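Please look at the sequence and the structure first.

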Amino acid sequence: MNIDSVCAYCGVGCEICAKIESNKIVSISAKDDATVSEGQLCIKGKIGFDFAQSNERLKAVKIRKSFLDKNELFIPKKLKNSLYSHEVVDGFIYPSLDEAYELCAWKINDIRSKYGNFSFAAIGGARGNCESSYILQKFTRKVINSPHIDNCARVCHAPTLKGMRSIIGEGAATNPFSDIYESEFIIVFGSNTTEAHPIVANKIISKIKDGTKLAVFDVREIVLSKMANFNAVIPFESNLLIANMLAHTIITEELYDKEFIKSRVVGFEKYKKEILEDEYANPKLFKDIKGYEYLEEMIKEVAREYASKRSLIFWGLGVTEHLDGSYTTASFCNLALLTGNVGKKGAGLMPLRGQNNVQGTCDMGCLPYYDPDYKKPLIEGKKTPDMIDAMIDGEIKALFNMGEDIAHIHTNQNKIHKALNNLELLIVNELFDNEITKFADIIFGVKSSYEKHGVYVNAERRLHLSQPLIKSDLVDDWEVIQGISKALGSQKLDYKDTKDIWQEVQIKVSDRFSGASYEKLEKNITKGLQWPVKEDETVRLHESSFRTKDGFGHLRYKKWLRRGMIDEILRDKRRQFYLTTGRVLEHYNNAAQTKRTPKLLKRHSLDKLLISEDDRELFEGKDSVTLRSYYGLSESLEFRFSKKIKKGTMFISFHHAKSKINFLFGDEADWLTKTARFKSLKVWVE
């Protein structure tokens, strides 16, 4: 039997076809007629399905015995007797779901009665479907009456949402991936696309072979760099600087689209004045930056190509995970407004989302500052980093964590572990035991995306309706939340299935999904539909007006702040190494899913440090090193030398918790959204 569905990994959202025998996934392949995958899948999509049928799956709910003992005197007698009747296995009991729901409800009410509703917080992952994300935020806001809801966009693309909305009124990709084939020039900025979003990279490579030019901006050489007409290896933390230099060239050489600006853009004269007065916006600055002098002319050449052709800009976490990530994203929008490269076939702005439902989870309102459909909430809640501080301070006492391993993939792990230990209640929905479950009091084993229905929204705003590939007796995330809600005595969550939830979503998120019924999505299983979906889908945004209040694009200038590597080079004061992190092709985030496929784990079983060949003499005679920062210490790391990395810089992946890479990072984050600065860190070698 073959079943069509959607891949469970990155934000590309590839359509898949699974061969099923005896309720087992035998193989997964792509379909030639599929809109996104076009007959291709990456190695994760093809073989990374073993997690769904792994013997290591959490197969039930379990409660930590020490949590029961700590609360023994206060748990209602009938419930206590029932819970204590279960056998203890490795420190846990395995009760019924109803018993677990009742215990969750009792402890949540106990905490609320002592500390108030705002002592509860929820963090959702972007691996789950839209329906569960919608229910999590509704439960938090409407059942518990707490504003503290967030999701893993905080780790990745919150700056994209902030920056894009400030300029063009919408924080989502403007074009479909298929517009790559319609473009004349492509810029890839801070995205190792071949490893993080391979099928998008394949489309780009295909177009390059047809003669389209490519510019790549990154702090190291990546695979796409080999094919780039403009291979720009840039200093750490210079994204906004370079984006402003591109705009400076476009303005000084009068390459901007006068008609587009006149008819659709506000603020040009003010923007022009500010950029021309900024001493850091002129590309000639790179004349004095040793090792990067070639960028002065290359930036000008890229600007000329971008302005004169139908152009797309792609970016990833190498842009957003910085101090100025939001401002850099906004600067890309400025470039599009200056040149008219938006709202057109083959021309637009394309943020590459990290996880399979980052876009959808944000659309559902799993953000402290947005209700569903990006409406302003009555009360704005705390962002995840602020939640962590509040846990340490004793302000937040209970946390519901749905598929987000914050004890691994977030920064400042020493601080996060301290915060988690300070909670009175941690409820976790997960597929496997991982770093976060080590701190959890009540752990629900839940269905994976390959075992349930649900809507996922990819990085081009495309909705796919996922179909279950195999049957499972486990509960879905939303069923756990609804079970706890009913145990609390609330009638606000009462749904039969995900379709029932989605029908409410169509009403509450009507601006985007009113016309996207399950029936319509079922008819478009291997195509999907791009939001906004009314009578028809919307393939491209901003074709006639922007999604701002007045319909115009608003140019806003932000000056680059001199700091970090560039400041040190200019002052000839460099002493430390600069570290950046990222994904590898074989793994996905905390590797909870991918490491259950032996072939993937064998190919990448540890995080290995890449060091510049130019720094070889400093490491002669060493087999491994430990990295230290102001905030923490890594484990001992194996390393290898690379000619793709400049002197004084390093790269490492973060997939394996034992490496303790995220113990090195502190609280430095994007100034506007608090997305952590994963892409630039000073480290010492021990």
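1. The model is predicted, so local features need pLDDT of at least 70 and side-chain atom pairs count only at pLDDT 80 or more, while totals for chains, interfaces and linings use all residues. Residues are numbered from 1 along each chain as its sequence is written, and side-chain values use heavy atoms, with hydrogens and water left out.

2. The protein has 24 helices and 27 strands. Both are DSSP runs, numbered from the N terminus: helices are H or I with at least four residues, strands are E with at least two. The radius of gyration is 25 Å, close to the 26 Å that the globule rule gives for 686 residues, so the protein is as compact as a globular protein of that length. This radius is taken over C-alpha atoms, and the rule is 2.2 Å times the number of residues to the power 0.38. Along the principal axes, the C-alpha atoms fill a box of roughly 80 × 65 × 50 Å.

3. Of the 686 residues, 66% count as buried. Buried means under 20% relative accessible area, exposed over 50%, and partly exposed in between, with a 1.4 Å probe and protein chains only. The protein exposes about 24,900 Å², and carbon and sulfur atoms supply 47% of that area. The areas come from the Shrake-Rupley method with a 1.4 Å probe; for residues, only the protein chains shown count as cover.

4. Among contacts (heavy atoms within 4.5 Å) between residues at least 6 apart in sequence, 75% join residues at least 24 apart.

5. How many cavities of 30 Å³ or more does a search of the whole structure find? The search finds 7. On a 1 Å grid over the protein atoms alone, a cavity is a set of points where a 1.4 Å probe fits but cannot get out; a pocket is an open set with protein on both sides within 12 Å along at least five of seven lines; lining residues have an atom within 4 Å of a point. Points are joined across faces, edges and corners, and a volume is the space filled by probe spheres set on them.

6. The largest cavity has a volume of about 550 Å³. It is lined by 39 residues, of which L317, G318, T581, G582 and K679 are the closest to its centre. Two or more lining residues come from each of α7 (193-196), β9 (213-218), α13 (317-320) and β21 (577-582). β21 gives the most, with 3 residues. The lining divides into 16 nonpolar, 15 polar and 8 charged residues. Ala, Val, Leu, Ile, Met, Phe, Trp, Tyr, Cys and Pro count as nonpolar, Asp, Glu, Lys and Arg as charged, and the others, Gly among them, as polar.

7. The largest pocket holds about 490 Å³ of space. Its lining has 22 residues, with E195, R220, V584, L610 and R640 nearest the centre. β25 (637-642) and β26 (649-653) each give two or more residues, and β26 gives the most, with 3. By class, this lining has 8 nonpolar, 5 polar and 9 charged residues.

8. S82 lies in helix α3 (residues 77-84). S82 is partly exposed, with a relative accessible area of 23%. S82 and E99 are 17 residues apart in sequence and 7.9 Å apart in space, C-alpha to C-alpha.
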